[in-house]
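Biologist: Hi! Could you walk me through this one while we both have it open?
Modeller: Happy to, let's start with charged side chains.

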Amino acid sequence: LRCRFRAQKTDDSERHERFVYMGLYERERLEGLAATSGRIRQLAATSKHWVSAALIGIDDDNAVVIWEELCGKSLRELLVTVDNETAIDLCARAIAELHDTDGTGLPSRDSASLQISEVGSYLLSTLPECRDLITALAQRLLQSHVVENDDHRSVVHGDLHPGQLIIGEGQIGIIDFDRTHVGNPIEDIGNMRAQLWLGPPE
């Protein structure tokens, strides 16, 4: 669940505005999110091609995370326009720089196996009549998945798709780092290619 709103503050007769992004996350994703967000902000501060939103706060009791929003349009929105080569090029540079960054200080996680398990659980809850087929497919995918994280120390976003890239004025913002970990960036590339292959929303 995601929402955005505009926060206003009046100080000495001067009004300050900023956009705020709030997300309701699964509780297991909150663990270590503050530390991960802090590390991502450090990396973004030295980046030439991308920025990240500031973490405002985490409400552990309600599993809510509040971020300062990055202003701009997502790559998903821009893909429906005719002239999007510049946006794609800028996003590619930002992703390449992210993947070329040392991921020291970020968690190590086999995110691909985690996603296979999550999708399997979701399908079982929505299609109980296909339980045997779904279980067999999930097991086959898990068995065939080769974990390569030990040989790679790159930053992996973990849920990279066109909606996570925000094109602002002269900068590319990357959002939703709750699945970020150290690993093989091919995971992000595969996910992004799959999303682009599916095409923009109608």
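**A salt bridge, then the rest**

Modeller: The side chains of Arg93 and Asp89 form a salt bridge, at 3.1 Å from N to O. Keep in mind that this is a predicted model.

Biologist: Where do Arg93 and Asp89 lie?
Modeller: Both are in helix α4, four residues apart, which is about one turn of the helix.

Biologist: And is Arg93 buried, exposed or partly exposed?
Modeller: Arg93 counts as partly exposed because its relative accessibility is 45%. Asp89, at 39%, is also classed as partly exposed.

Biologist: How many salt bridges does a search of the whole structure find?
Modeller: One.

Biologist: OK, new topic. Which residues touch the most other members in the largest nonpolar core?
Modeller: Ile40, Trp50, Leu75, Leu165 and Ile167 do, in a core of 22 residues. At least two residues come from each of α2 (33-45), α3 (75-78), α4 (85-99), β8 (165-167) and β9 (172-174).

Biologist: Which of them gives the most to this core?
Modeller: That is α4, with five residues. So α4 holds the Arg93 and Asp89 pair as well as those five core residues. In general, nonpolar side chains tend to be buried together in soluble globular proteins.

Biologist: What does Leu165 touch, leaving out residues up to four places away in sequence?
Modeller: Its contacts are Lys73, Ser74, Leu75, Cys91, Ile95, Leu160, Ile172, Gly173, Ile174 and Met192. Apart from this core lies another one, with nine residues, including Ala53, Ala63, Trp67 and Ile175.

Biologist: How far does α7 reach from its first C-alpha to its last?
Modeller: It reaches 18 Å over 13 residues (186-198), close to the 18 Å expected at 1.5 Å a residue.

Biologist: Last one, the overall picture. How many helices and strands are there?
Modeller: The protein has seven helices and ten strands. Of its 202 residues, 38% are buried. Among contacts with a separation of 6 or more, 70% link residues 24 or more positions apart.

How values were computed:
Residues numbered from 1 in each chain as written. Predicted model: local features only at pLDDT ≥ 70, side-chain atom pairs only at ≥ 80, totals over all residues. Heavy atoms only, no water. Core = buried A, V, L, I, M, F, W, Y, C linked by side-chain atoms within 4.5 Å. Buried < 20%, exposed > 50% of the residue type's maximum accessible area, 1.4 Å probe, protein only. Contact = heavy atoms within 4.5 Å. Salt bridge = Lys/Arg side-chain N within 4 Å of Asp/Glu carboxyl O. Expected span 1.5 Å × (residues − 1).
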